[in-house]
Amino acid sequence: MTAVEHDADVIVVGAGPGGSATAYHLARHGVRVLLLEKTEFPREKVCGDGLTPRAVRQLIRMGVDTSPEAGWLHNRGLRVIGGGVRLELDWPELASFPNYGLVRTRLDFDDLLAQRAVAAGAKLRTSVNVLGPVLDGDGRVTGVEAEVGPGKEPTTFHAPLVVAADGVSGRFPLALGLAKREDRPIGVAVRRYYRSPAKHEDNYLESWLELRSKDSGDNLLPGYGWIFGLGDGRVNVGLGVLNSSSAFGKTNYRRLLTDWLANTPEDWGMTDETNADGPILGAALPMGFNRVPHYTRGVLLVGDSGGMVNPFNGEGIAYAMESGELAAEVVVQALARPAGPERERALLAYPNELKARLGGYYRLGGIFVKLIGRPEIMRIATKHGMPHPTLMRFVLKLLANLTDPRGGDAMDRVINAMTKVAPAV
């Protein structure tokens, strides 16, 4: 097929944070990008809505104004509650990352990022439901089959490269036979918005390591919880359960959330159903590279589609945007080479670099997930770790993946050494 018949140089499937970041960085380099999104903006997404400094760095790299005046609620760190201790940990002061996090609902967050991609030169088309790949005679992907608009008009789009950023469902990679790996961690999260004048303006993200209902006594509920103030009178409240827990897949997660919230102070407003703003919604958290390879036959996997959620803390947005930027860098170099072995050699840099950057860290995360899935270990760790602020600052850096790669402090050097020594997943 000749180049003039291509609808774009690259098709990006999915305009979530990963897809929009990919499209932005590609377009910034002059690549013709077609960004396909199955819904219309603005649209809801199940998420905690909290962003660590790692995600903030990626927003800044996309030229996003993260000021309070632009609608962002800033936070200065993480408040950890567990073992009878309440500890406030500020984000570390680093050369590599800003020292603040953000909160913003996905309702307009994703739209904002998609518009940054459009401003850079990407072409965004919404209400395009991508069904699967177009393959050439060698089994290489040369485009996508889709249904367009309310009439579901069958349409084919062509491009020499496709980026799958279609989220946890991963329909596009599944159509290529790329199934999830069962030996990698996965989580389930549920969340709900509540109107809470007492908690909505909070300059810390709040993480609960122990969950108890009113009648659970000394028995812990499975999972971990969060309460993130949105600054608009509401809070995002949720909990996550990992597949290392015996409760995974056997629990009514929505009931689990309401049981925990029934034990919170009445003035927070989360014990009263009338304060709820919308239903309890849930989503899976694909962790630790649970779908590979990240490049095959003309397709690069970005974000949740490639299972890139951090096993330590359930953060997905930062890694979706980082992998999108990396994919764009690799694709720009690949498109400068002739199609064939030279281009393939350049494209294989993408999975290799992902593994180099995150493989060892995600291996450690997999071990962490197995450990905290055992309540007796979690209880001991919380009881003996929480009273020691220095240890908890180390844990914060490790869990949030916030270190300086060079010239950092002793904590940074230990964490960086651990991730280098760990065999990559």
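The model is predicted. Together, domain 1 and domain 3 bury about 1,200 Å².

- Domain 1 brings 16 residues to the contact, and domain 3 brings 12 residues.

**Buried area**
- The size of an interface is often given as the accessible area lost when the parts come together.
- Of the area buried between domain 1 and domain 3, 57% is on carbon and sulfur atoms.
- Three residues stand out on the domain 1 side: Phe 312, Tyr 361 and Leu 364.
- Phe 312, Tyr 361 and Leu 364 supply 45% of the area that domain 1 buries against domain 3, more than any other three residues.

**The domain 1 side of the contact**
- Which helices each supply at least two residues of the side of domain 1 that touches domain 3? They are helix H2 (53-61) and helix H8 (349-372).
- Helix H8 gives the most to this side, with 5 residues.
- By class, the side of domain 1 that touches domain 3 holds 9 nonpolar residues, 5 polar residues and 2 charged residues.

Note on methods
Residues numbered from 1 in each chain as written. Predicted model: local features only at pLDDT ≥ 70, side-chain atom pairs only at ≥ 80, totals over all residues. Heavy atoms only, no water. Contact = heavy atoms within 4.5 Å. Buried area = accessible area lost by both parts, 1.4 Å probe. Helix = DSSP H or I, 4+ residues; strand = E, 2+ residues; numbered from the N terminus. Nonpolar A, V, L, I, M, F, W, Y, C, P; charged D, E, K, R; others polar.
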